[in-house]
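Here are a few notes for you on side chains and helix packing. Have the model open while you read.

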Amino acid sequence: MARIDYPEAVGKLVEELRRLPGVGPRSAERMAIWLLQSARADPLALAKALERAKAEVVACSVCGFFATAERCAICADPSREPVICVVEQATDVLPLERSGAFKGRYHCLGGKLSPLDNVTPEDLRIGSLLRRIEAEGVPEVILAPGSDVEGEATANYLAGILRGKCQITRIAQGLPAGGGLEHADALTLARALEGRRGL
């Protein structure tokens, strides 16, 4: 007896959804069925939004953030401070922006150094960072890669090549607001103690 499965078109939709990060086979199947059967679903609007985003959104030629023109809204804003905050990915900009604490500019590296994954300095947007610092007369660069091993290696590498070109700082690391000591790991506590400040 032949094995019954979804029609080929449904199978192809499930296959494409499975390619999304964090989506497993069962989740992809549920999403596909929801898109096809739910009265609230509008798969054609989703397809149009994806098509439009793919056609219009590019990486900013200056910083690497999302843009719909050559420069993103941040790089095009003349009121921004000349300080540059270096982040791993374009998606790291929004949490900093939403905090309202930083009024400068950004530089998205496009990743972090990772010898195991064959990611070298040449694979990141480090050359364009160096050109920006020189061309814009940047007084300070804030290093904000993650605090994992690769992020620390990236921050240390950047600190080494930027030394003497401008002031270099690293974002503080430690306990989250509202977090207690009992939930913090040893590395977080060590960094919180190292980054303590006077009152």
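1. Is Phe 66 buried, partly exposed or exposed? Keep in mind that this is a predicted model. Phe 66 comes out as partly exposed, because its relative accessible area is 44%, and the buried class needs a value under 20%.

2. A search of the whole structure turns up 2 aromatic pairs. One of them joins Phe 65 and Phe 66: the ring centres are 5.5 Å apart and the planes sit at 65 degrees, so we call the pair edge-to-face.

3. Phe 102 and Tyr 106 also pair up, with ring centres 5.2 Å apart. Their planes are at 65 degrees, so this pair is edge-to-face too. Both partners are buried: Phe 102 has 14% relative accessibility, and Tyr 106 has 1%.

4. Now the helices. Helix α1 covers residues 8-18 and helix α2 covers residues 25-37. The crossing of α1 past α2 is right-handed.

5. Who touches whom here? On the α1 side, the contact uses Val 10, Leu 13, Val 14, Leu 17 and Arg 18. Facing them from α2 are Pro 25, Ala 28, Glu 29, Met 31, Ala 32, Ile 33, Leu 35 and Leu 36. Sorted by class, the contact of α1 with α2 has 11 nonpolar residues, 2 charged ones and no polar ones.

Notes: Residues are numbered from 1 along each chain as its sequence is written. This is a predicted model: local features need pLDDT of at least 70, side-chain atom pairs count only at pLDDT 80 or more; totals for chains, interfaces and linings use all residues. Side-chain values use heavy atoms; hydrogens and water are left out. Rings of Phe, Tyr and Trp (its six-membered ring) pair if their centres lie within 6.5 Å; planes under 30 degrees apart count as stacked, over 60 as edge-to-face and the rest as tilted. Buried means under 20% relative accessible area, exposed over 50%, partly exposed in between (1.4 Å probe, protein chains only). Axes are lines fitted to C-alpha atoms, for helices over the stretch in contact, and angles run from 0 to 180 degrees between N-to-C directions. Helices (H or I, at least four residues) and strands (E, at least two) are DSSP runs, numbered from the N terminus. A crossing is left-handed if the near helix is turned anticlockwise from the far one by less than a right angle, and right-handed if clockwise. Contact means heavy atoms within 4.5 Å. Ala, Val, Leu, Ile, Met, Phe, Trp, Tyr, Cys and Pro count as nonpolar, Asp, Glu, Lys and Arg as charged, and the others, Gly among them, as polar.
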